[in-house]
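Here are a few exercises to work through with the model open beside you. Try each task before reading its solution.

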Amino acid sequence: MRLIDIDTAAALLRDGGVVAFPTETVYGLGADASNPRAIKKVFTAKGRPHDHPLIVHLATHTPLSLWAQNIPATAHALAHAFWPGPLTLILQRHPSVNDWVTGGQDTVALRVPNHPLTQALLSAFGGGLVGPSANRFGQISPTTAAHVLHEAMETIDGVIDGGACTVGIESTIVDLSGSQPTLLRPGHIRADEIEALLGTPLQSPHQHSPRAPGMLAKHYAPHTPILLVEKDLIDTLVRSLTHQGQRVGVLAREALSPFINNIVWLSAGLTPNVYASKLYSNLRYLDEAHCDVLIVESLPLENDWAAPRDRLARAAANERL
Ligand code: TXA
Ligand code: MG
């Protein structure tokens, strides 16, 4: 796998290749959304089940009617307010959209990313690109080109290096294909911002609603066991575990206990946006620090922490205290 420029990437994509590209959220694994053979390579590289639907990434000003039909006015309103940006809209699919993109569902996920290199790539390529996060299925999403290279996925033709992603967690997903707008995945664009614009509350997904790997309980998971712990309990727990000879990694919002041996302590940031922008690289770092256990401070219950809280809960699923 090699680092490539935009023109090389666009040529490879037109040829049915697979290219990892930066976005403002996380790195995506790009392929021509109109080419089933190219999309198949993306599933193979990720080791992802074939019936999981993919997001189509579009250049700014691409008419939504090329990809969707029966588009509600709410879709145009959200697109106008938040695109380019970290928001994905689920709409009724246009008949020309292939089953490899939609996982055979009658809806399609669309997003106009806000990153100069992604937009340059989409313009040079001239069509829609599928772009699941550029990690192996179930692993932590990459937020740097180095993370993508570290995944060592075969069948990738190149990586565009766009630096560290500024948002750092995947886009907010809103389903507008049914009668009620539904929040499928929280993200940097908060539910209350969307609700304010729509003038209606967002519903939560039904249990049997569309297949969405990001919605599986255990996802984005490091290999080291994670314990989610209230701030006030961290110090005692760290002291007790290190006393038993365990090597402990800690992800807390502030630096708390620098004077304990045998710990790796990361201060993760005090605001939700800073915290989210570094969350995946922090988890990767700690996962590679050869710890027996990772202690992660549980996050506040306020709305503006909803997205990083959601990702942490998934990372810690099965291992919560
Ligand atoms: O920020 C992002 O959205 C990143 C960057 C690269 O753009 N992409 C990303 O893709 O997170 P992925 O494939 O890792 O997650 C896409 C999510 C999945 O949970 C998938 O099931 C859901 O979107 N999705 C895609 N199409 C859908 C559809 N038609 N209906 C419901 N959910 C859908
Ligand atoms: Mg993903």
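## Exercise 1: aromatic pairs

Phe43 is buried, because its relative accessible area is 2% (buried means under 20% relative accessible area, exposed over 50%, partly exposed in between, with a 1.4 Å probe and protein chains only).

Before going on, note that this is a predicted model, in which local features need pLDDT of at least 70 and side-chain atom pairs pLDDT 80 or more, while totals for chains, interfaces and linings use all residues. Residues are numbered from 1 along each chain as its sequence is written, chains are lettered from A and ligands numbered from 1 in the order in which they are written, and side-chain values use heavy atoms, with hydrogens and water left out.

**Task.** Find how many aromatic pairs the whole structure holds, and classify each.

**Solution.** 
Step 1. Apply the rule: rings of Phe, Tyr and Trp (its six-membered ring) pair if their centres lie within 6.5 Å; planes under 30 degrees apart count as stacked, over 60 as edge-to-face and the rest as tilted. The search finds two pairs.

Step 2. Phe43 and Trp100 have ring centres 6.0 Å apart and planes at 50 degrees, so this pair is tilted. Phe43 sits in helix H2 (residues 36–46) and Trp100 in helix H4 (residues 99–102), 57 residues apart. Helices (H or I, at least four residues) and strands (E, at least two) are DSSP runs, numbered from the N terminus. Trp100 is partly exposed, at 24% relative accessibility.

Step 3. For Tyr275 and Trp305, the centres are 5.5 Å apart and the planes at 75 degrees, so the pair is edge-to-face. Tyr275 belongs to helix H9 (residues 272–287), and Trp305 to the loop between strand S13 (293–297) and helix H10 (306–315). Both Tyr275 and Trp305 are buried.

Step 4. Look for a charge too: Arg253 lies over the face of Trp305, 5.2 Å from the ring centre. The criterion is NZ of Lys or CZ of Arg within 6 Å of the ring centre and within 35 degrees of the ring normal.

## Exercise 2: an open sheet and its helices

**Task.** Work out the order of the four strands in the open sheet, and which are edge strands.

**Solution.** 
Step 1. Two strands pair if DSSP finds at least two bridges between them. The order is S10-S13-S11-S12, with parallel pairing.

Step 2. S10 and strand S12 (263–267) each pair on one side only, which makes them the edge strands.

Step 3. Check one pairing: four bridges join strand S11 (residues 248–252) to S13. Val250 stands opposite Ile295 in S13.

Step 4. Helix H8 (residues 231–243) lies across S10, S11, S12 and S13, at about 165 degrees to S13. H9 lies across S10, S11, S12 and S13 too, at about 180 degrees to S11. Axes are lines fitted to C-alpha atoms, for helices over the stretch in contact, and angles run from 0 to 180 degrees between N-to-C directions.

## Exercise 3: the setting of H10

**Task.** Decide whether H10 is largely enclosed or open, and say what covers its buried residues.

**Solution.** 
Step 1. Seven of the ten residues of H10 are buried, so this helix is largely enclosed by the rest of the structure. Among them are Ala307, Asp310, Arg311 and Leu312.

Step 2. The cover includes strand S9 (182–185), strand S10 (226–229), H9 and S13, where contact means heavy atoms within 4.5 Å.
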